[in-house]
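Reader: I'd like a close look at one part of this model: the surroundings of the ligand. Where does the ligand lie, and what does the chain look like around that spot?

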Amino acid sequence: GTAAGAATLGLAGCLGFGGSGEDTIQIGSDIPYPPFEYRETDGTLVGFDVDIAEAVFGEQLGMTPEFNQTAFDGIISALNNGNFRVIMSAMTINDTRAEKVDFSDPYFTAYQTIVVPQDSDVTTKEDLRGATVGVQKGTTGATAATELQEEFGGDLDIKQYDLIADAFNAILNNQVDAIINDNTVNAQYISENEGELRFVEGDGAAAEQGKNAPPYLTLTVEEYGIAFRQDDDDLREDVNDALATIRENGTYDEIYNEYFEG
Ligand code: ARG
C-alpha cells in the first residue's frame, strides 16, 4: 500500500541511499535578491543563502538543498500549503510572520535603507515628503514605506513591485524617486549601476543600533531567519544546531567574507 511504500522510501532516505529523493530538502526563495539568491549569467544559482543552505542542510544535515522560485508576496502561504519544506529568502523575523511560521535562530542582520538616483535632491528622510517610493511587495521594506507614509500624514506614494529587480529598473527609469529595501541588497544594486544610484546618508545614529550598522540612514534593524511550518520543530532544532556549528567551525565567516568583505 501507499503507507508502506512511503515508509520504505523514508527509511532509504534516512540511511542515505541515493535515488529516493527523500534526502532532498525543498527550499522556497524569491529570486533575484542579490547577494542572497541570484543567478550568474550562465544561470547558476548563487548567493549567501544558497551557500548557507549548502552548509546547513548539505554539510551538516546530509540533505540536498533544492531552491524553488516563489514570489515573496505569498511565500509563507506557499510554505504552509506544502509547496516546499522551508523558506530561505533573506526573510526578516517579525511577530506578524511568527503567527504563521516558526523561525530559526537569526543568521544575518539587515537594515531598511533608502536609495535615490545619484543626482537626487533628497538628502534627508524629510525630503521624501511627496515623493514616490518603490518597494517589493510583501517585504519589510513595504512596511517601512507604509510607516513613513503615516509619519508624513499620507504625503508619500508607494509603488509595489513583484520583484526587487523591477523596483530598481523603475528607479533607473525615473519612475520612482526612491527605493526602501534591505541595505546589503541596495549596496549590491548601487555598485552594479556605477554612478547612477546612492544611499541617503545617515547621521551616525545607526552606529548605535548594532554591530556592522551601515553609515546610511536606517529605518529599521532586522534579523533574517529560516522559516518552517509550525509543526516542524525537529527540523528547526537540527537547523539551529547546524547554524551554531557553522558559526563555531568558521564556515559561516568564510561564506560571509565571500559576499560581504571583498
Ligand atoms: N528582508 C525583507 C523581508 O523579509 C526582504 C526580503 C526579500 N527577499 C527576497 N528574496 N526577495 O521582508
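Author: The ligand lies between domain 1 (22-107 + 225-260) and domain 2 (110-222), because both of them give residues to the shell around it. Those domain bounds come from an automatic or database domain assignment. Bear in mind that this is a predicted model: local features need pLDDT of at least 70, side-chain atom pairs count only at pLDDT 80 or more, and totals for chains, interfaces and linings use all residues. Residues are numbered from 1 along each chain as its sequence is written.

Back to the ligand. There are 16 residues around it, and Asp 30, Tyr 33, Thr 92, Thr 139 and Thr 140 come nearest (near means a C-beta atom, placed from the backbone, within 6 Å). By class, the shell has seven nonpolar, six polar and three charged residues. Here Ala, Val, Leu, Ile, Met, Phe, Trp, Tyr, Cys and Pro count as nonpolar, Asp, Glu, Lys and Arg as charged, and the others, Gly among them, as polar.

What about the two domains themselves? Taken over C-alpha atoms, the centres of domain 1 and domain 2 are 25 Å apart. Their contact takes 12 residues from domain 1 and 14 residues from domain 2, where a contact is two C-beta atoms, placed from the backbone, within 7 Å. On the domain 1 side, that makes eight nonpolar, three polar and one charged residues.

Now follow Thr 140 into helix H5 (residues 140-151). Helices (H or I, at least four residues) and strands (E, at least two) are DSSP runs, numbered from the N terminus. Thr 140 is one of the buried residues of H5, along with Gly 141, Ala 142, Ala 144, Ala 145 and Leu 148. Buried means 20 or more other C-beta atoms within 10 Å of a residue's own, exposed means 12 or fewer, and partly exposed is in between, with C-beta atoms placed from the backbone. Just after the helix, Gly 153 takes a positive phi of about 60°.

Leu 148 also touches Leu 128, whose contacts beyond four places in sequence include Val 122, Val 133, Leu 156 and Ala 178 too. Leu 128 sits in the loop between S7 and S8, and it is buried because 24 other C-beta atoms lie within 10 Å.

Elsewhere there is an open sheet of five strands, in the order S4-S1-S5-S13-S6 with mixed pairing. S4 and S6 (102-103) are its edges, each pairing on one side only; strands pair if DSSP finds at least two bridges between them. S1 (residues 24-29) and S5 (residues 86-87) run parallel, joined by two bridges, and Gly 28 stands opposite Ile 87.

Leu 61 is in the loop between helix H2 (48-60) and S4 (64-69). With 16 C-beta neighbours inside 10 Å, Leu 61 counts as partly exposed. Val 239 is 178 residues away in sequence, yet the two C-alpha atoms are 7.9 Å apart.

How values were computed: Expected span 1.5 Å × (residues − 1).
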